[in-house]
Amino acid sequence: KGINVLKAKPESVAQPNTPAQQGQKNRMTLIVSVYRLIAAIILFGYKEQAIKKSEYNAFVSDNIMDAISLDSSQVASLDFPLLKVSKGTIGDTAITGNSTTVQQRIVTIDWDDTLTPVGGAQTDIAYLAVYDVTNGVWYLSDGTDLRSDGTVSTGVMGNVALNQDYEAYLFFYAAAGGSSSDSVHIQSTAL
């Protein structure tokens, strides 16, 4: 990204495995594993934040402290409502009343397609990431739905039983300008 960096490694470290270091290592391991599973949409969701750093670095630095918590044993866990899969300057889009429906193992999120927020356009691409909490699997939309459609869906989600919990994240990306909206978190137990 065009930044000259001078790196040095300490010759010796007094306590290389303190509880704080273990906690940070566990945070990093968890956020990197999330990134690897949803990298396809993070590249769009954090493009605007990737100034003199990669989308990966922007995502990790934005989430490692806020979206990952540690228990007393330094075991890391993801705090889904605080996780961000996108951060940008396009204004917020309100999810409509009955915003999530699941039919035949498909998660659908709806919004009012007649409203365009500040910085947004009807041609913005809607992205949806859904995490199946029970099975530990992420599902992503294919990037073909537009703001003007008023809806976005995942593909058919395999091995999903009824009444399972899922976490969903919606954001919009303007391909013309490379900007995105902040992601919106939607939690449901409707699967």
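Which residue forms a salt bridge with K87? I opened the notebook with that. It is D62, with the closest N and O atoms 3.4 Å apart. I took a salt bridge as a side-chain nitrogen of Lys or Arg within 4 Å of a carboxyl oxygen of Asp or Glu.

**Ground rules.** I am working on a predicted model, where local features need pLDDT of at least 70, side-chain atom pairs count only at pLDDT 80 or more, and totals for chains, interfaces and linings use all residues. Residues are numbered from 1 along each chain as its sequence is written, and side-chain values use heavy atoms, with hydrogens and water left out.

**Salt bridges.** I searched the whole structure and found 4 salt bridges. D62 also pairs with K84, again with 3.4 Å between the closest N and O atoms. D62 sits in helix α2 and K84 in the loop between β2 (76–78) and β3 (95–102), so this pair ties together parts 22 residues apart in sequence. Helices (H or I, at least four residues) and strands (E, at least two) are DSSP runs, numbered from the N terminus.

I then checked exposure. Buried means under 20% relative accessible area, exposed over 50%, and partly exposed in between (1.4 Å probe, protein chains only). D62 is buried at 11%. K84 is partly exposed at 25%, and K87 is partly exposed at 32%.

Next I looked at R147 and D124. Their side chains meet in a salt bridge at 3.0 Å, N to O. R147 is in the loop between β6 (137–140) and β7, D124 in the loop between β4 and β5 (125–132), and 23 residues separate them. Both are buried. Back at D62, salt bridges with shared partners join D62, K84 and K87 into one network.

**E48.** I found E48 in the loop between α1 (19–45) and α2 (55–63). I listed contacts (heavy atoms within 4.5 Å). Leaving aside neighbours within four places in sequence, E48 touches K87, G88, T89, G178, S179 and S180.

**Strand β4.** In β4, 4 of the 5 residues are buried. I found 3 bridges joining β4 to β7 (residues 151–153), and the two run antiparallel. Strands pair if DSSP finds at least two bridges between them. T108 stands opposite S153 in β7.
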